[in-house]
Amino acid sequence: MGVFAVLMVVWWAVARAELVRPLYLPGPGAVWDAFVDANRCRPISADSERIVCGEQGYYLWGHLLASLQRMAVGVGAAVVLGPVVGFLMGSIRWVRVAVEPYLNFIRSLPPLGYLGLLIVWFGIGDLSKYWLLFLAAFPPIVIATINGIRNNREDRIHAARSLGASRLQVATQVVLPSALPDIINGVRIAVGFAWTTVVAAELQNGLPGIGGLAYQAGVQLRTPLVIACIIVIGLAAIALDSAIKRLGEVLVPWQGRA
């Protein structure tokens, strides 16, 4: 909290002294006002009776919820399919050899590199955004699952087989539980990367959406609203990461104990 307080004081002092033009760095008060206005109904101007609610037809929390819903679909599909593909690649050599080059190809591409193609294929609606977020989250989860499968201790597998466990039992009761910490870490990385891709996903027809709102505010040179959106995006990222970390502690209570 001390560091945060110092940063706020420095920010306020720089803005107050106008060392940087307000267009480039508005003060904390202006950012707070933009945040409040984006979450309430207000007159469109001081001398107008016309009322506008939120920004771009939605409250700011509505934009955030729309982005989270897109994340839930795109990243949710990656969370379901990623461990399956990773398990196959980690367990069967020819599958890994056949699929790994394509996985690395997708992983190396920046989201904006294939956004245009996704729009051509799936249009500017939410379907292209789902695919973009899926492609951003899928490779980290697959790679984490492969590492978890390959890092299994051989003595545990041999012990299970010597006790009469079938291949399915070894896979579900020995291999997957041992790989689960790596899979959880892969999901954390994937969600973080996908969340940073939200702005790119919402460049085209991204309203409602917190990334789309930040982009539109930037185009309109509404810097306080842009900074307010950035802060909300960052806080949401911290909340998502904390939730996944807590989920991992619940699902993998034995991590670090054996």
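This report covers the helices and cysteines of a predicted model.

## Helix α1

Helix α1 is made up of 15 residues, spanning residues 2-16. From first C-alpha to last, α1 reaches 21 Å, close to the 21 Å expected at 1.5 Å a residue. Just after α1 comes E18, where phi is positive, at about 55 degrees.

## Packing of α3 and α6

Helix α3 covers residues 60-91 and helix α6 covers residues 126-150. The two pack with their axes 6 Å apart and at an angle of about 35 degrees. Their crossing is right-handed. Sorted by class, the contact of α3 with α6 holds 20 nonpolar residues, along with 6 polar and 4 charged ones.

## The disulfide

A disulfide is a covalent bond between the sulfur atoms of two cysteines. The model has 1 disulfide, counting sulfur pairs within 2.5 Å. C41 and C53 form a disulfide, with 1.8 Å between their sulfur atoms. C41 belongs to strand β1 (residues 41-43) and C53 to strand β2 (residues 51-53), so the bond ties together parts that are 12 residues apart in sequence. The torsion about the S-S bond of C41 and C53 is about 100 degrees, and the disulfide is therefore right-handed.

## Exposure of the cysteines

C41 has a relative accessible area of 36% and is partly exposed. C53 also counts as partly exposed, at 30% relative accessibility. Is C229 buried or exposed? With a relative accessible area of 0%, C229 is buried, because buried means under 20%.

Key
Residues numbered from 1 in each chain as written. Predicted model: local features only at pLDDT ≥ 70, side-chain atom pairs only at ≥ 80, totals over all residues. Heavy atoms only, no water. Helix = DSSP H or I, 4+ residues; strand = E, 2+ residues; numbered from the N terminus. Expected span 1.5 Å × (residues − 1). Axes fitted to C-alpha atoms, helices over the stretch in contact; angles between N-to-C directions. Left-handed = near helix turned anticlockwise from the far one by under 90°. Nonpolar A, V, L, I, M, F, W, Y, C, P; charged D, E, K, R; others polar. Buried < 20%, exposed > 50% of the residue type's maximum accessible area, 1.4 Å probe, protein only.
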